[in-house]
Amino acid sequence: MTEPRESTVSEEPPRTLVVVPTFNERDNLRQIVGRLNDVVPYVHVLIVDDNSPDGTGELAEELAVDERVHVLHRTVKAGLGAAYVAGFDWALERGYQVVVEMDADGSHAPEQLPALLEALRSRGAGVVLGSRYVAGGSVVNWPWYRSLLSRGGNIYSKWALGVPINDLTGGFRVYRSAVLRSVNTHTVASQGYCFQVDLAMRAVEAGSSIVEVPITFVERESGESKMSGSIVREALLRVTKWGVRRRVSSLRARLRSLTRGRG
């Protein structure tokens with residue numbers, strides 16, 4: 001007698017959107033979108049272009065002949081944070097269940113995205129962070145001072161904010177839509193890499209479960225880095241301010257608890 005076969009019906013993947021902010025990324029964009037479509041063919045891509053003078057927006061429109069690729073044109077260069085917030089809004093308005101942050105410069109390998117998406121599914125996370133600073137993570141082609149600045153900034157941010165995250169500034173991330181709705185992204189005033197710290201901290205405060213998955217970060221080969229001294233100063237000042245605020249709030253809560261106990 002032939003044994004009955006078990007059902008092989010597979011679970012349909014959630015509607016997933018990869019948000020890719022761009023400013024002067026014409027040399028990198030076609031390859032990144034192509035690699036995404038090859039590796040995770042079911043995901044959609046939203047290119048959020050800040051009126052790039054090099055023609056990135058025009059190239060994005062060419063790529064959008066593929067129904068999986070969409071374009072959001074913005075009239076001014078308002079910063080990474082504002083571009084992501086616009087992309088999040090676009091995703092939530094259209095019912096996407098999972099939203100991904102990814103750079104357009106090739107530093108985030110599309111081939112590593114399946115591991116992040118699997119961690120979201122199998123580990124029940126609300127947020128998955130592609131982390132350079134957990135076991136198995138690494139950075140390629142950075143000068144020593146850039147690595148020192150990044151590692152030192154993340155160690156300081158983790159200590160100052162008291163959050164159990166090793167890579168707070170990384171920009172390769174996966175969010176469930178419910179998390180983005182809960183953190184009120186429109187009140188995130190931070191720009192640059194500090195936006196990533198702010199959003200991660202808010203997710204922790206909202207009670208979201210966060211998982212870090214190791215990635216290999218590769219410095220861009222084409223175009224110019226968006227890192228600047230002003231971005232670093234903003235991050236340092238804001239993280240210090242947030243850390244003081246969190247510690248003061250914690251101290252006040254303990255004092256209130258002690259007062260009630262004595263009463």
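What is the relative accessibility of Ala-64, and how does Ala-64 count on that scale?

A: Keep in mind that this is a predicted model. The relative accessibility of Ala-64 is 24%, so Ala-64 counts as partly exposed. The cut-offs explain the label: buried means under 20%, and exposed means over 50%.

Now for its place. Ala-64 sits in the loop between H2 and strand S3, which covers 69-73. Helix H2 itself covers 56-63. Leave out residues up to four places away in sequence, and Ala-64 touches Val-69 and Val-71. Leu-46 gives another bearing. Ala-64 and Leu-46 are 18 residues apart in sequence, with their C-alpha atoms 9.3 Å apart in space.

Asp-66 and Arg-68 join their side chains in a salt bridge, at 2.7 Å from N to O. Asp-66 has 22% relative accessibility and is therefore partly exposed. Arg-68 is partly exposed too, and its relative accessible area is 22%. As a general point, side chains of opposite charge can pair when their charged atoms come close.

Next, look at the loop between strand S2 (44-49) and helix H2 (56-63). Asp-54 is placed there. Its relative accessibility is 31%, so Asp-54 counts as partly exposed. Asp-54 also belongs to a negative surface patch, together with Asp-27, Glu-58 and Glu-61.

The structure holds nine salt bridges. The Asp-66 and Arg-68 pair has been described above. Two further pairs are worth a look.

Take Glu-118 and Arg-121. They form a salt bridge, and their closest N and O atoms are 2.6 Å apart. Both residues lie in helix H4 (residues 113-122). They are three residues apart there, so about one helical turn separates them. Glu-118 is partly exposed, at 35% relative accessibility. Arg-121 is exposed, with a relative accessible area of 51%.

Then take Arg-146 and Glu-219. Their side chains meet in a salt bridge of 3.5 Å, N to O. Arg-146 lies in helix H5, while Glu-219 lies in the loop between strand S9 (216-218) and helix H8 (229-262), so the pair ties together parts that are 73 residues apart in sequence. Arg-146 counts as buried, at 13% relative accessibility. Glu-219 is buried as well, with a relative accessible area of 17%.

Stay with helix H5, which spans residues 144-161 and is where Trp-144 is placed. Trp-144 counts as exposed, since its relative accessibility is 66%. Trp-144, Tyr-145 and Leu-148 make a nonpolar surface patch of about 440 Å².

One last stop is Ser-208. Ser-208 lies in the loop between helix H7 (194-205) and strand S8 (210-214). Its relative accessible area is 18%, so Ser-208 is buried. Set aside its neighbours within four places in sequence, and Ser-208 is in contact with Val-179 and Ala-203.

Come back to the starting point with these places in view. Ala-64 and Ser-208 both sit in loops. Ala-64 is partly exposed at 24%, whereas Ser-208 is buried at 18%.

Conventions. Residues are numbered from 1 along each chain as its sequence is written. This is a predicted model: local features need pLDDT of at least 70, side-chain atom pairs count only at pLDDT 80 or more; totals for chains, interfaces and linings use all residues. Side-chain values use heavy atoms; hydrogens and water are left out. Patches are made of residues with over 30% relative accessible area and no salt bridge: like charges are joined within 9 Å, nonpolar side chains (Val, Leu, Ile, Met, Phe, Trp, Tyr) within 5 Å. Accessible areas come from the Shrake-Rupley method with a 1.4 Å probe; for residues, only the protein chains shown count as cover. A salt bridge is a side-chain nitrogen of Lys or Arg within 4 Å of a carboxyl oxygen of Asp or Glu. Lys and Arg count as positive and Asp and Glu as negative; His and the chain ends are not counted. The place of a charge is taken as NZ of Lys, CZ of Arg, CG of Asp or CD of Glu. Helices (H or I, at least four residues) and strands (E, at least two) are DSSP runs, numbered from the N terminus. Buried means under 20% relative accessible area, exposed over 50%, partly exposed in between (1.4 Å probe, protein chains only). Contact means heavy atoms within 4.5 Å.
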